[in-house]
Amino acid sequence: MTPDAYAFLGGKQVPLKDAKVGVMTHALHYGTAVFEGIRGNWNEEHGKMYVFRLREHYERLLRGCRILRINLPYTADDLCQITVDLLEKNGYRQDVYIRPLAFKGQEAVANLKLHELSDEFTLVVLPFGKYIDNDRPIRCQTSSWRRPEDAIMPTGVKITGLYTTSILAKTEAITAGYDEAVLLNWDGTVSEGSGENLFMVSNGRISTPSETDNCLLGITRDSVIQLAREQLGMEVVERRIHRSELYLADEVFLTGTAAHITPMGELDNRKVGDGETGPITKKLQDLYFATVKGNTPAYSKWCTAVTPGGG
Ligand code: PMP
């Protein structure tokens, strides 16, 4: 923990060391919370931090809240302002990870009725570098765990309870010596990584599992779709993908706030393409990294500039 760091809890900024909840908190027992993972990217030249697609992250958080019947006293704009204020207060001059959490904060166990439980919102900010070492293409394993179907638990939003599956899959992959897991749907089609969406390039066309393939509706996914169409003039198709298509693809890459754009070099001990970062993946990485650091004027609308200490 960074000494003197501040969090947001109970409607105000509080020292991080004092931001605590009780052991009977509902969300701790039942996974009744919705979270976001947002990045603030430090631009040394500009002396500013650029928060990537802040409003879209809060719009997704509020969609999750609707599903879990969490009523926050904040609009998406209020949540953006709370975040900018906390970033200014903490004053980090490096890349950060921003973690908002809306949760059933009532101290109540043995109660499964969402409508009876009160809600809380907290926000923490922490210095954050690489999530996956993505300078080189990573080695992936098809998980023995399947991605839950939306009929089992809502999959398009970030409900904390759903992450038990991601955590089992990631742990299985890492302990077996791989870098990341690929989760299939119950019918054996491809869904996504444990914390990333998945894209495939074949014959000059980009494909990614569609909204109804139980993947999270990733904000990096949406950014990559727009960048590929608008900047590379490429066709991007959202559709069901068979597992064996990945073995035969020219390029496969994963996308996520934490993982950025991470090329997949190997899947289930088979090389993807020639095992190196493919040319389309490389172009998208370059565009994406410039964009999240606030260096692409055409997409500056995606970046919220924050000056450490305010001003
Ligand atoms: N899928 C899952 C399961 C995730 O946890 C994430 C990370 N939020 C993603 C995909 C990528 O989403 P985003 O690009 O919005 O970070």
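Start by selecting the lining of the largest cavity: four nonpolar residues, five polar and one charged. In that count Ala, Val, Leu, Ile, Met, Phe, Trp, Tyr, Cys and Pro are nonpolar, Asp, Glu, Lys and Arg are charged, and the others, Gly among them, are polar. The selection is R39, N41, F52, H57, I219, T220, T257, H260, Y288 and V292. Colour strand 4 (38-43), helix 5 and helix 7 (279-292), the elements that each give two or more residues to this lining. Helices (H or I, at least four residues) and strands (E, at least two) are DSSP runs, numbered from the N terminus.

Before you go on, remember this is a predicted model, where local features need pLDDT of at least 70 and side-chain atom pairs pLDDT 80 or more, while totals for chains, interfaces and linings use all residues. Residues are numbered from 1 along each chain as its sequence is written, and side-chain values use heavy atoms, with hydrogens and water left out.

The largest cavity holds about 50 Å³ of space, and the structure has three cavities of 30 Å³ or more. On a 1 Å grid over the protein atoms alone, a cavity is a set of points where a 1.4 Å probe fits but cannot get out; a pocket is an open set with protein on both sides within 12 Å along at least five of seven lines; lining residues have an atom within 4 Å of a point. Points are joined across faces, edges and corners, and a volume is the space filled by probe spheres set on them.

Next stop: the largest pocket, at about 470 Å³. Of its 26 lining residues, pick Y97, Y131, K158, Y163 and G195, the closest to its centre. Which element gives the most to this lining? Helix 4 does, with four residues.

Now show the ligand, whose space is the largest pocket (a molecule sits in a pocket if more than half of its atoms lie within 2 Å of its grid points). Draw distances from ligand oxygen atoms: 2.6 Å to an N or O atom in the Y163 side chain, 2.6 Å to one in the T257 side chain, and 2.7 Å to a polar backbone atom of I219. The cut-off for a polar contact is a pair of N or O atoms within 3.5 Å; within protein, one must be able to donate a hydrogen and the other to accept it, and residues adjacent in sequence count only if both atoms are side-chain atoms.
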